[in-house]
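The sequence and structure are shown first.

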Amino acid sequence: MDAVHQWALGICLTVLINAVVHYVIPSGSMEKMLRLVLGVFVLCGILLPLSKTLPGLDWELEKPTETIHDTDGFADEVERQIFSQAEQNVKQVVIVELEKNGYPWKNVSVRMDTNEDRSIVINQVVVTLDKDALVHKDELVAHLEKTLGLKTEVVWDGESG
């Protein structure tokens, strides 16, 4: 019980000193810094007696014994996810453009690669149409290449791209 009494007394003295110093400090550019220092002082006033009271606790932090060695696998997975997301985003942009202009489509695929500096390169967009919609083929290719700036190929359902 004596330890709790001393701890409470230490906290009260810390808060009292904090209040006096806070009252004396001038307001200005150094006020924020002094308030930070006083806050740390109060934390030390609370925690230091507690650490002496509870000597059974281990206050040392241990280094992790296990380290991650498979960073290459992690980097490959991140790159694969980025590649996949980029492909989905390009598909979505093409689909929105097709629907906005009323072009009927069955499937959109994107052919992409990575170059030497590991940046993603869009090689080609392949739009699959019904055989009946092939009358729009040249118009569709011209529109997508002009609007999106991507090399576009249009195939009909059943034809390989």
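In this predicted model, three strands form an open sheet in the order β1-β2-β3, and their pairing is mixed. The edges of the sheet are formed by β1 (107–114) and β3 (152–156), each of which pairs on one side only. From one strand to the next, the twist averages 20°.

The pairing of β2 (residues 120–129) with β3 is parallel and extends over five bridges. Within this part of the sheet, V125 is positioned opposite T152 of β3. A helix, α4 (residues 137–148), lies across both β2 and β3, and its direction makes an angle of about 155° with β3.

The elements described above are listed here with their residue ranges.

| Element | Residues |
|---|---|
| Strand β1 | 107–114 |
| Strand β2 | 120–129 |
| Strand β3 | 152–156 |
| Helix α4 | 137–148 |

Considered as a whole, the protein contains four helices and three strands. Along the sequence these elements follow the pattern α-α-α-β-β-α-β.

The remaining values concern the entire protein. Of its 161 residues, 19% count as buried. The accessible surface amounts to about 12300 Å², and carbon and sulfur atoms account for 59% of that area. Where contacts join residues at least 6 apart in sequence, 54% of them link residues at least 24 apart.

Methods
Residues are numbered from 1 along each chain as its sequence is written. This is a predicted model: local features need pLDDT of at least 70, side-chain atom pairs count only at pLDDT 80 or more; totals for chains, interfaces and linings use all residues. Side-chain values use heavy atoms; hydrogens and water are left out. Two strands pair if DSSP finds at least two bridges between them. Helices (H or I, at least four residues) and strands (E, at least two) are DSSP runs, numbered from the N terminus. Axes are lines fitted to C-alpha atoms, for helices over the stretch in contact, and angles run from 0 to 180 degrees between N-to-C directions. Contact means heavy atoms within 4.5 Å. Buried means under 20% relative accessible area, exposed over 50%, partly exposed in between (1.4 Å probe, protein chains only). Accessible areas come from the Shrake-Rupley method with a 1.4 Å probe; for residues, only the protein chains shown count as cover.
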